[in-house]
Amino acid sequence: MLIGYARPSLEDPECQHQLALLKKAGCNTIYIEEHASPKKRVRLQELLETATAGDQVVVAKLYTWADSTRHLVELLDTLETKGMTLYSLQENIEIGTGKEYPFANNLRNLADFQSDAISEKTKAGLSVAKEKGVVSGRPRKPDENVKKAIEMHNSKQYTLAEIKEKTGISKSTLYRYLES
């Protein structure tokens, strides 16, 4: 069975263009999302729950189906597990028939590459910032408050709640300074 899936976009907010393409492609059933947001895609979940082995999902373009390369890989894995295929009209790509192994394999490699590239750029940026003396993470508490909190703690006259109230230093921060 051919199952269409459409999601609003800036170019096609009412999904009219997508619906015309999906009907022309011969889709028996068409699931249409109510919004363009990547979150809470109710109709996508319904499609994945009701479709069965041998069904083919048809979309106007890959971005309608997935929000990122990683998301596309996840959705393709779900289709593969269920014995289903995907056809994207704009890209003219049929995935899941065994013909596309290089595409699916390349897509997985691309997703891994993107993840690695982002990770490396982040690490490089943090390293450069560290060399320039920029401190990453949460800002440290002012030294005078820390000293006062340590003195109060060592005097054994104050509870942790009182120390926090008077200095603004939390229990975990105080203990971290006491250990060092």
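Predicted model: local features only at pLDDT ≥ 70, side-chain atom pairs only at ≥ 80, totals over all residues.

Visitor: What else describes the chain as a whole?

Guide: The chain has eight helices and five strands, and from the N terminus on they run β-α-β-α-β-α-α-β-β-α-α-α-α. Its accessible surface comes to about 12,000 Å², with 53% belonging to carbon and sulfur atoms.

Visitor: How do you know how the chain compares with a compact globule of 180 residues?

Guide: Look at the radius of gyration: a compact globule of 180 residues would have one near 16 Å, but the chain has 27 Å. The C-alpha trace spans about 80 × 35 × 30 Å along its principal axes.

Visitor: And which share of the contacts joins residues at least 24 apart?

Guide: Counting contacts between residues at least 6 apart in sequence, 63% join residues at least 24 apart.

Visitor: Why is tyrosine 5 called buried?

Guide: Buried means under 20% relative accessible area. Tyrosine 5 has 0% relative accessibility, so it counts as buried. Tryptophan 65 is also at 0%, and therefore buried by that rule.

Visitor: What makes tyrosine 5 and tryptophan 65 an aromatic pair?

Guide: Ring centres have to lie within 6.5 Å. The structure holds one aromatic pair, and in it tyrosine 5 and tryptophan 65 are 5.8 Å apart, centre to centre. Those rings therefore qualify as a pair.

Visitor: What does the pair tie together?

Guide: Tyrosine 5 lies in strand 1 (residues 2-6) and tryptophan 65 in helix 3 (residues 62-65), so the pair ties together parts that are 60 residues apart in sequence.

Visitor: Is threonine 69 buried or exposed?

Guide: Threonine 69, which lies in helix 4 (residues 69-82), has a relative accessibility of 15%. The limit for buried is under 20%, so threonine 69 counts as buried.

Visitor: Which residues is threonine 69 in contact with?

Guide: Leaving aside neighbours within four places in sequence, threonine 69 is in contact with Leu107, Leu110, Ala111 and Gln114.

Visitor: What makes the phi of lysine 40 worth a look?

Guide: Most residues other than glycine have a negative phi. Lysine 40 is not a glycine, yet its phi is positive, about 50°. Lysine 40 sits in the loop between strand 2 (29-32) and helix 2 (42-50). Asparagine 92 also has a positive phi, about 55°, although it is not a glycine. Its place is the loop between strand 4 (85-88) and strand 5 (93-95).

Visitor: How do you know whether lysine 40 and asparagine 92 are buried or exposed?

Guide: Exposed means over 50% relative accessible area. Lysine 40 has 72%, so it is exposed. Asparagine 92, at 56%, therefore counts as exposed.

Visitor: Why is serine 136 called exposed?

Guide: Serine 136 has a relative accessible area of 52%, and the cut-off is over 50%, so serine 136 is exposed. You will find serine 136 in the loop between helix 5 (101-131) and helix 6 (143-155). From C-alpha to C-alpha, serine 136 and alanine 60 are 44 Å apart in space, and they are 76 residues apart in sequence.

Conventions:
Residues numbered from 1 in each chain as written. Heavy atoms only, no water. Helix = DSSP H or I, 4+ residues; strand = E, 2+ residues; numbered from the N terminus. Rg over C-alpha atoms; globule rule 2.2 N^0.38 Å. Contact = heavy atoms within 4.5 Å. Areas by Shrake-Rupley, 256 points an atom, 1.4 Å probe, with all protein chains shown as cover. Buried < 20%, exposed > 50% of the residue type's maximum accessible area, 1.4 Å probe, protein only. Phe/Tyr/Trp six-rings, centres within 6.5 Å; stacked < 30°, edge-to-face > 60°.
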